[in-house]
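Good morning, and thank you for coming.

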Amino acid sequence: MKSLVEKRYFTIKYIILSLFLLGSISICAQNTSTITGKILDAKNNQPLPYATLRFMDISGNTSQWLSGTISDDNGVFSINQIPNGKYQLQVTSVGYRTANKTFEITTPATINAGVIYLQDSLLFIAETLIVADRIQGKSETDKTIYYINNKMLSATGNAPELLRHIPGVQVDLKQNISINGQSNILLFVDGKERDKSYISQLSPSTIDKIEVLDTPPPNYDGNVSGVINIVLKKENVSGFSGHLFSEIPLSSEVIYMFPTYRLNYNYNKINLYTSYNGEINYENIDEKISRQIIGKTAITNLSSVQYVRQKNLSHKFHYGIDYHLTPKDVFNFYGFLNPYSYEQDGNVILQATGNSGWEARREETDKNKNRLNSLYYKHLFNTEKRELTIDISHAHIRSENKVSYQNDMENQTNTERPGQTTFVWKVDFINPLNEHLNWSSGIKMKTRDMHDNTSDGFRFNEQVYALYSSLNYQTPNFNVNLGLRAENAKTKLNENQHNSSFSLLPYVAFHYQISQYSDLYLSYRRSVNRPSVYSLNPYTYIDDPYTLRKGNPLLSSEFRNQIQLEYSTRFKSNYMSARLFYETRSHAINHLTYLNDNRIFVTQAHNLGNIHQYGLQLAGALKFGIVSVNPSFRFYNQSTFANNTAKRYGVANKNNLVVESSISSILSFKKSFALSAIFQYATPKENIQNNAFCEALYFISLDKTFKKNLKVGIVSALPFAKTFVYQGSEIQSTTFTSEYTGNLKLPTVPLMFRLSYRFNSGKNRNILTREKEYVDTRPKQGF
């Protein structure tokens with residue numbers, strides 16, 4: 001054991017040493033010059049990202065275009081390998097006038113062109129003011145960037161609705177967010193972690209762009225399958241501002257309300273802020289299960305249905321303060337308090353062949369209180385882009401859940417009283433080694449402790465230590481990012497079961513700019529998915545006399561390998577991309593359902609085998625006159641390979657073709673009216689034992705904006721559907737079959753008004769949004 005630990009320790013030291021040695025490599029000087037500078041908006045002094053720069057040789061009698069580039073997110077540019085001569089630099093950006101600057105180079109040098117200001121370019125026709133559109137999207141080394149334009153702002157009431165217009169991003173009726181069907185994602189605001197509740201209280205008008213990372217680099221946790229980073233507009237003048245948003249349902253049958261407020265006040269070096277977001281959902285759902293037990297001489301039919309009224313109430317209060325000690329040092333305290341409940345009350349009916357049946361009244365009581373407090377420090381060094389951040393957070397959740405099934409014969413009750421505590425500290429350092437090479441590294445420690453006194457003294461402890469580093473080499477046309485994350489996880493269950501696992505998670509990404517408007521991107525990433533603490537809890541849930549659910553303390557981690565090759569292009573203000581991808585999941589964690597010796601259906605999570613998929617993804621952000629369309633389509637073949645555990649229960653290997661699609665469109669009218677439609681659908685997807693499916697989800701909305709601050713709208717989700725299958729699954733086995741559907745009951749035309757109002761006195765300094773950690777929440781049945 002000691003030898004193994006020493007080998008792992010040597011491996012980590014060798015990897016870190018290699019990265020440091022790579023970071024010390026300098027680029028040999030050429031007998032040419034380099035011109036650097038920065039592009040700013042002349043009106044507000046803000047950086048202009050992705051401005052186009054072209055270099056013309058005017059030394060001879062005939063002018064000749066040479067190399068070109070674009071400015072980065074901060075408006076900074078660099079043009080390399082320029083021989084001696086006389087040149088003209090031309091700077092253009094959509095919506096701005098062209099700027100020109102002349103240089104004469106006689107000796108090799110690095111020339112600072114300084115700041116180049118661009119003026120707005122407006123075209124007046126009669127009484128109409130036309131401002132050129134922003135580009136819709138752009139690919140970079142590890143992400144795809146989508147820019148927010150006025151059409152998108154005119155058709156959305158809050159940030160989750162805005163995300164529905166981003167290709168590849170799905171947002172359901174309850175504002176749960178996923179990327180390409182994967183829900184284990186991270187949400188960030190200005191590079192600092194948040195959750196969907198924080199996202200919901202952002203005003204869309206404060207958002208500049210949205211970055212989507214399908215293959216996150218090593219500085220993100222190894223169990224994350226995707227990242228969304230919302231970049232806010234930069235506002236640095238002190239003042240008071242706020243935002244209010246709420247829906248008003250027109251039917252008591254189905255209620256989806258996500259009210260929010262946000263208040264911010266800045267004075268001198270102090271920034272104070274508070275916000276609230278609520279989730280108030282009421283809906284009627286039916287959960288139906290039809291089963292057949294296949295015996296040697298007869299078939300037993302079982303059917304059960306739950307008719308329940310589902311209630312979800314959550315109130316989350318955020319608070320924080322930023323203190324800017326110096327222009328290079330900032331401290332932050334942030335926290336939230338979140339009481340919430342999630343309950344289902346109704347009737348359960350079970351029928352079986354040759355049995356009189358079973359009926360009961362379901363009553364649920366659910367109380368949860370979640371809180372978080374954190375401290376953060378950030379220091380900027382004199383060297384540009386060199387920075388150090390330290391982050392400490394503490395989160396705690398305490399819950400009490402009781403589900404009872406009552407009838408004239410018996411009273412059956414499931415009770416849980418879990419408590420969970422999470423503590424995290426993290427240190428990150430970013431260091432530019434030279435104008436082309438950047439090095440970043442960090443260390444993170446996360447501990448989780450959970451107990452449930454109602455589950456035989458269940459107690460679980462997990463400690464995860466992560467060390468990560470990456471090197472980024474960038475030229476105007478080529479970018480490569482090499483990174484490695486090492487994670488060591490130690491778990492302890494009920495003081496007697498210990499487990500330790502070590503994971504090396506490499507990351508490689510290459511980006512090549514084929515031309516000014518076309519890019520090629522290749523990446524590889526290995527990630528790990530550790531089982532949820534609730535999946536490990538061996539507590540048994542009794543749903544009816546024939547159905548049990550329980551956790552599995554013997555679960556191990558699953559691993560994922562991803563390879564992607566993408567080509568993207570821009571024309572006018574449009575963006576399109578085509579991606580080939582291949583992905584494998586080993587030791588995949590899936591649910592297994594089987595019949596025990598008492599002919600009871602038991603559902604439990606297991607490591608059931610491997611899943612492979614390969615295919616094509618097409619995405620775009622397009623504009624056709626007054627219509628904007630953002631499509632995303634994924635076509636892939638999925639194969640499952642059952643391991644010995646799955647084969648013991650008759651699970652066979654499977655293969656199927658999956659199509660996932662989402663498309664949004666916005667139609668802009670005169671007088672600030674906007675009509676939008678969103679459609680999301682995926683064909684059934686095979687898991688190792690069962691397949692999973694849901695019906696198409698679609699939204700229609702009409703909005704009107706008044707003087708940029710007030711917006712009113714009306715929304716309809718799933719009109720004329722009446723019933724929506726939000727989830728379903730099927731199992732075909734040698735001993736039984738099972739079919740499950742969860743159905744949401746809807747009015748013929750569900751309608752909801754929404755109201756959004758933004759106010760300010762001056763402009764506010766941006767809140768220092770920063771990373772925070774969440775404890776796991778108990779998985780629930782229903783929608």
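**A walk through one chain**

Let me start with a single residue. Leaving aside neighbours within four places in sequence, Ile199 is in contact with Ala159, Pro160, Leu163, Leu187, Phe188, Val189 and Ile230, where contact means heavy atoms within 4.5 Å. Ile199 is found in helix α4, residues 196–200; helices (H or I, at least four residues) and strands (E, at least two) are DSSP runs, numbered from the N terminus. Ile199 counts as buried because its relative accessibility is 1%. Here buried means under 20% relative accessible area, exposed over 50%, and partly exposed in between, with a 1.4 Å probe and protein chains only. Ile199 and Ala159 are 40 residues apart in sequence, and their C-alpha atoms are 6.1 Å apart in space.

A word on the model itself. This is a predicted model, in which local features need pLDDT of at least 70 and side-chain atom pairs count only at pLDDT 80 or more, while totals for chains, interfaces and linings use all residues. Residues are numbered from 1 along each chain as its sequence is written, and side-chain values use heavy atoms, with hydrogens and water left out.

**The chain as a whole**

The chain has 783 residues, and 52% of them count as buried. Its secondary structure comes to six helices and 49 strands. Among contacts between residues at least 6 apart in sequence, 65% join residues at least 24 apart. The accessible surface comes to about 35,700 Å², of which 56% belongs to carbon and sulfur atoms; such areas come from the Shrake-Rupley method with a 1.4 Å probe, and for residues only the protein chains shown count as cover.

**The nonpolar cores**

In soluble globular proteins, nonpolar side chains tend to be buried together. Which residues touch the most other members of the largest nonpolar core? They are Leu163, Ile210 and Ile228, in a core of 35 residues. A nonpolar core is a set of buried Ala, Val, Leu, Ile, Met, Phe, Trp, Tyr and Cys residues joined through side-chain atoms within 4.5 Å. Not counting residues up to four places away in sequence, Ile210 touches a list of residues that includes Tyr146, Leu163, Ile228 and Asn229. A second, separate core has 19 residues, among them Ile39, Phe55, Leu89 and Ile116.

Strands of a sheet pair through backbone hydrogen bonds, either parallel or antiparallel. In this work, two strands pair if DSSP finds at least two bridges between them. Consider strand β28, residues 437–452. Of its 16 residues, 13 are buried, and the strand is described as mostly covered. Strand β27 (residues 418–432) runs antiparallel to β28, and 15 bridges join the two. β27 and β28 form a hairpin, with four residues between them. β28 is also joined to strand β29 (residues 458–474), by 16 bridges and again antiparallel. There, the bridge partner of Asp452 is Phe458 in β29.

**A mixed sheet of four strands**

Further along, four strands form an open sheet in the order β33-β34-β38-β37, with mixed pairing. Strands β33 and β37 (589–595) stand at the edges with a single partner strand each, so one side of each is left without a neighbour in the sheet. From one strand to the next, the twist averages 25°; axes here are lines fitted to C-alpha atoms, for helices over the stretch in contact, and angles run from 0 to 180 degrees between N-to-C directions.

Let us cross the sheet. β33 (residues 540–544) and β34 (residues 547–550) run antiparallel and are joined by four bridges. They form a hairpin with two residues between them, and Ile542 has Leu548 in β34 as its bridge partner. β34 then pairs with β38 (residues 601–607) in the parallel sense, over four bridges; here Thr547 has Phe601 as its bridge partner. Finally, β37 and β38 pair in the antiparallel sense over seven bridges, with Thr593 opposite Thr603 in β38.

Is Gln689 buried or exposed? Gln689 counts as buried because its relative accessibility is 8%. Gln689 lies in the loop between β43 (685–686) and β44 (691–693). Among the residues that Gln689 touches, beyond four places in sequence, are His591, Leu592 and Thr593.

Thank you for your attention.
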